[in-house]
Amino acid sequence: MNPSLPSLLASIIVPLEQHNVLEITYTDVIEYFVLSRPPLSSVAKGALLRKNRFKGVCITQVFLDEGNHLICKPNGVPYGRQILAKKIDRELLDAFSSTDLIIVL
Amino acid sequence: MKKINFIKTLATNTRMSVFERIGLVHKQFKYETPPYLMETSLPCYDEYHALSPKSWRGLNKRAVILTILSLYELFDVVYLLFLIRQKMREWFSGKDKKRELLEIEKAKLVSVIQTMIANGSYRLIPGVLNTRNSHILRNQEVDLTDQDSDQLHKPARITLHD
């Protein structure tokens, strides 16, 4: 990973809906992609981004089109959510492995 | 006649300054109907004009006072409109600024995602957005002979080509 990316990633403040949980699980994130998929034909992928925080982790879930651009609501805010969790379950950790991005198709 | 007496007092009271007189007349005219409007008879109108202080002779005092007052009130209204305009401008520019910031943050996020994809530093989980693969939601019950589920548990590291 490009060394400047983590700092850039940490500085991003997109006004997505925020959730605070104790533990984020693999099932939670996948369920969100399936159940909260925007009703738009342009949705091609989902992106799951991990940012390490001082106490826990911040998971950002957004939807992308074919060109890897954010799918946004009419007011310009992207579809998606941000979860601040103290822990990540084993399964989700394994899914991330050593990377900070998961693309779901 | 009460009003006429008031004017008479005003005219004969030489100890009062012009500004004090203006103040009194203003009060009288602003909140009460002027005598010549109440009593349309000519003597009343004449009496009213005849009782004017000497220093004001030759001027239509009421018109001058009312003009000054109208200008003052007009200035108030204009100033209020100016304040409203300023507030509206601030509000709209704030909204524009917010939208601009949102676009910058979105661009940063997209740039990070695209860079990571280009570098191949990501994991891929296929078959999630396709809701037919509902077994993904029930991880524990996955049939291990299922090809998709196998892919799910061992995500392939591939590079996407746009």
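Buried residues make up 30% of the 105 residues in chain A. A residue counts as buried if 20 or more other C-beta atoms lie within 10 Å of its own, as exposed if there are 12 or fewer, and as partly exposed in between, with C-beta atoms placed from the backbone. In chain B, buried residues make up 9% of the 162 residues. The model is predicted, and local features need pLDDT of at least 70, side-chain atom pairs count only at pLDDT 80 or more, and totals for chains, interfaces and linings use all residues. Residues are numbered from 1 along each chain as its sequence is written, while chains are lettered from A and ligands numbered from 1 in the order in which they are written.

**The two chains**

Helices (H or I, at least four residues) and strands (E, at least two) are DSSP runs, numbered from the N terminus. Two residues are in contact if their C-beta atoms, placed from the backbone, lie within 7 Å. The table sets out both chains in these terms.

**Strands of chain A**

Two strands pair if DSSP finds at least two bridges between them. β2(A) and β3(A) pair in the antiparallel sense over 9 bridges, and they form a hairpin with 2 residues between them. β2(A) is also joined to β5(A) by 4 bridges, and these two strands run antiparallel. Ala47(A) takes part in both pairings: its bridge partner in β3(A) is Val62(A), and it stands opposite Ile103(A) in β5(A). In a regular strand the side chains alternate between the two faces of the sheet.

**The core**

A nonpolar core is a set of buried Ala, Val, Leu, Ile, Met, Phe, Trp, Tyr and Cys residues joined through C-beta atoms within 7 Å. The largest one here has 32 residues, and those with the most contacts inside it are Val29(A), Ala47(A), Leu48(A), Leu101(A) and Ile102(A). Two or more residues each come from α2 (26–35), β2 (45–53), β3 (56–64), β4 (80–88), α3 (90–96) and β5 (101–104) of chain A, together with α5 (61–119) of chain B. The largest share, 5 residues, comes from α5(B).

Which residues does Leu48(A) touch, not counting residues up to four places away in sequence? They are Val29(A), Ile59(A), Gln61(A), Leu101(A), Ile102(A) and Val104(A).

In α2(A), the buried residues are Tyr26(A), Val29(A), Ile30(A) and Phe33(A). Seen down the axis of α2(A), they fall within an arc of 95°, so they line one face of the helix. The arc is that of the directions from the helix axis to the C-beta atoms. The cover over these buried residues includes β1 (17–24), β2, β3, α3 and β5 of chain A.

**Where the chains meet**

In the interface, 29 residues of chain B are in contact with 36 residues of chain A. On the side of chain B that touches chain A, α5 and β1 (123–125) of chain B give two or more residues each. The largest share of that side, 14 residues, comes from α5(B).

β5(A) and β1(B) pair in the parallel sense over 3 bridges. In this pairing, Ile102(A) stands opposite Arg123(B) in β1(B).

The expected span of a helix is 1.5 Å times one less than its number of residues. For the 59 residues of α5(B) this should be 87 Å, and the end C-alpha atoms are 86 Å apart, which agrees. The buried residues of α5(B) are Ile65(B), Lys106(B), Leu109(B), Val112(B), Ile113(B), Met116(B) and Ile117(B). Just after α5(B), Gly120(B) takes a positive phi of about 75°.

**Positive phi in chain A**

Asn68(A) lies in the loop between β3 and β4 of chain A. Its phi is near 60°, a positive value in a residue other than glycine. Asn68(A) is partly exposed, with 19 other C-beta atoms within 10 Å. Ser97(A), in the loop between α3 and β5 of chain A, has a positive phi of about 55° although it is not a glycine. Is Ser97(A) buried or exposed? Ser97(A) is exposed, with 12 other C-beta atoms within 10 Å.
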